[in-house]
Amino acid sequence: MNLLIKGGRVIDPSQGIDEIMDVLIADGVVLELGQGIATPEGTQAIDATGLLVTPGLIDMHVHLRDPGLEYKEDIATGSRAAAAGGFTSVACMPNTSPVIDNKAVASYVVNKAQSEALVNVFPIGSITKGSKGDSLAEMGDLKEAGCVAVSDDGKPVCNSELMRRALEYAKGIGITVISHSEDLALVGEGVMNEGFVATELGLKGIPWAAEDIAVAREVYLAEFASAPVHIAHISTAGSARIIRNAKARGVKVTCETAPHYFTLTDDAVRGYNTNAKMNPPLRGESDVAAMKAGLADGTIDAIATDHAPHHPDEKDVEFNVALNGIVGLETSLPLSLKLVEEGVLDLKGLVSVMSCNPAKILGIDRGTLRVGAVGDVTVIDPGKEWQVDAAKLESKSKNSPFLGWKMKGKAVYTVVKGQVVYQA
Ligand SMILES: [Zn+2]
């Protein structure tokens with residue numbers, strides 16, 4: 001079955017395209033891009049007049065909770081949430097049970113995704129065995145089994161010497177290292193951002209220095225080892241400044257932030273709202289502004305959701321003991337489109353940070369509508385207004401601080417390898 005997406009505004013930064021065009025996909029790959037393409041027989045046609053047509057969006061940081069924690073999410077439900085959010089590809093973190101630290105677990109994810117997922121699922125293996133921080137996992141095996149990156153996400157690799165070896169070894173075999181940057185001693189028993197709101201609420205704070213110091217270490221290790229490193233979920237003005245400076249002197253560092261870090265401040269925690277509890281924590285106004293400035297000037301390469309589903313039993317509890325994280329796949333696109341409305345990014349910039357750049361960082365053949373590329377496409381109605389309703393979320397978990405929010409902008413068709421996997 002062929003698919004013709006007609007008359008949409010095609011935004012493809014990989015080719016410098018921003019114009020009204022048709023996109024023809026045949027046998028799962030982009031066959032033709034142009035104006036007035038005739039509909040060949042046996043072709044499904046989508047009228048994309050007034051809509052945006054982009055390379056399929058990529059979320060490079062999600063937790064699918066499968067294997068082992070399927071009561072929160074599984075590969076099938078997580079992929080449905082991704083498709084509904086406009087994502088054609090996700091990269092899933094290894095802090096499952098068991099941890100994705102060997103070929104067998106990585107293969108389980110790859111195989112289950114092949115049979116059950118609506119979208120492409122690229123597993124991320126762990127840096128250290130069991131993500132325990134003691135000894136390196138077999139990165140070669142993980143890569144062979146289909147892992148596109150390694151990360152101990154959820155915790156930092158505390159041992160700097162081990163992290164140095166991880167960066168050197170990963171560079172040798174060509175796999176991306178993703179750092180969860182956090183100084184655990186400074187975090188201590190903190191449960192939210194250290195500052196005025198934490199003091200008022202009587203909650204223990206996590207200082208910005210806990211993130212900045214860890215980001216600085218990764219930058220220096222990457223510089224020292226002449227190896228690339230990607231920093232996950234930056235949230236502080238300091239992280240953005242450190243990475244901006246490092247990039248300026250040629251360090252191969254990239255980074256991502258999440259929609260909640262440029263949308264919310266620690267004010268959202270008031271009322272002891274556990275759906276505003278995540279790690280790193282929501283920060284202050286100046287950090288939100290720094291995330292926007294970092295996206296605007298290219299310091300921040302990607303928007304990733306850190307989609308972290310949790311069961312109500314893990315969130316409807318006292319703030320101190322509630323688990324960290326929120327679901328994000330289905331709200332990322334409208335929150336990010338807001339950046340375009342605010343003039344932080346233009347549409348090309350938005351598609352770069354949500355598709356082209358994540359593909360480059362992970363080294364996957366996605367993020368482009370070039371002729372011959374895989375036919376992954378997102379068709380977006382930028383004006384569509386809707387309200388976030390827990391009952392309508394595809395994710396198994398509903399732990400979002402954006403429940404009830406009025407949103408503008410929605411993926412209306414999500415196309416994976418030429419197949420419509422989601423239609424609004
Ligand atoms: Zn993390």
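1. The largest pocket holds about 310 Å³ of space. A pocket is an open set of points on a 1 Å grid over the protein atoms alone, with protein on both sides within 12 Å along at least five of seven lines. Its volume is the space filled by probe spheres set on the points, which are joined across faces, edges and corners.

2. This is a predicted model: local features need pLDDT of at least 70, side-chain atom pairs count only at pLDDT 80 or more, and totals for chains, interfaces and linings use all residues. Residues are numbered from 1 along each chain as its sequence is written, and side-chain values use heavy atoms, with hydrogens and water left out.

3. Which residues lie nearest the centre of the largest pocket? They are Arg65, Asn95, Gly154, His310 and Asn324, out of 18 lining residues. Lining residues have an atom within 4 Å of a point. The lining divides into four nonpolar, 10 polar and four charged residues. Here Asp, Glu, Lys and Arg count as charged; Ala, Val, Leu, Ile, Met, Phe, Trp, Tyr, Cys and Pro as nonpolar; the others, Gly among them, as polar.

4. Now the metal. Asp153 (OD), His180 (ND1) and His233 (NE2) coordinate the zinc ion at 1.9 to 2.3 Å. Donors are N, O and S atoms within 2.8 Å of the metal (3.2 Å for Na, K and Ca); water is not among the atoms, so sites may look incomplete. The donor spacing in sequence is D-x26-H-x52-H. His180 sits in the loop between β10 (176-179) and α5 (184-187), and His233 in the loop between β13 (229-231) and α8 (237-248), so the pair ties together parts that are 53 residues apart in sequence. Helices (H or I, at least four residues) and strands (E, at least two) are DSSP runs, numbered from the N terminus.

5. Are His180 and His233 buried or exposed? Both are buried, meaning under 20% relative accessible area (1.4 Å probe, protein chains only).

6. Look next at strand β8 (residues 120-125). Six of its six residues are buried. Asn120, Phe122 and Ile124 lie on one side, and Val121, Pro123 and Gly125 on the other.

7. β8 has parallel partners. Four bridges join β7 (residues 87-92) to β8, and two bridges pair β8 with β9 (residues 149-151). Two strands pair if DSSP finds at least two bridges between them. Ala91 has Phe122 as its bridge partner, while Ile124 stands opposite Ala149.

Note on methods:
Buried means under 20% relative accessible area, exposed over 50%, partly exposed in between (1.4 Å probe, protein chains only). On a 1 Å grid over the protein atoms alone, a cavity is a set of points where a 1.4 Å probe fits but cannot get out, and a pocket is an open set with protein on both sides within 12 Å along at least five of seven lines; lining residues have an atom within 4 Å of a point.
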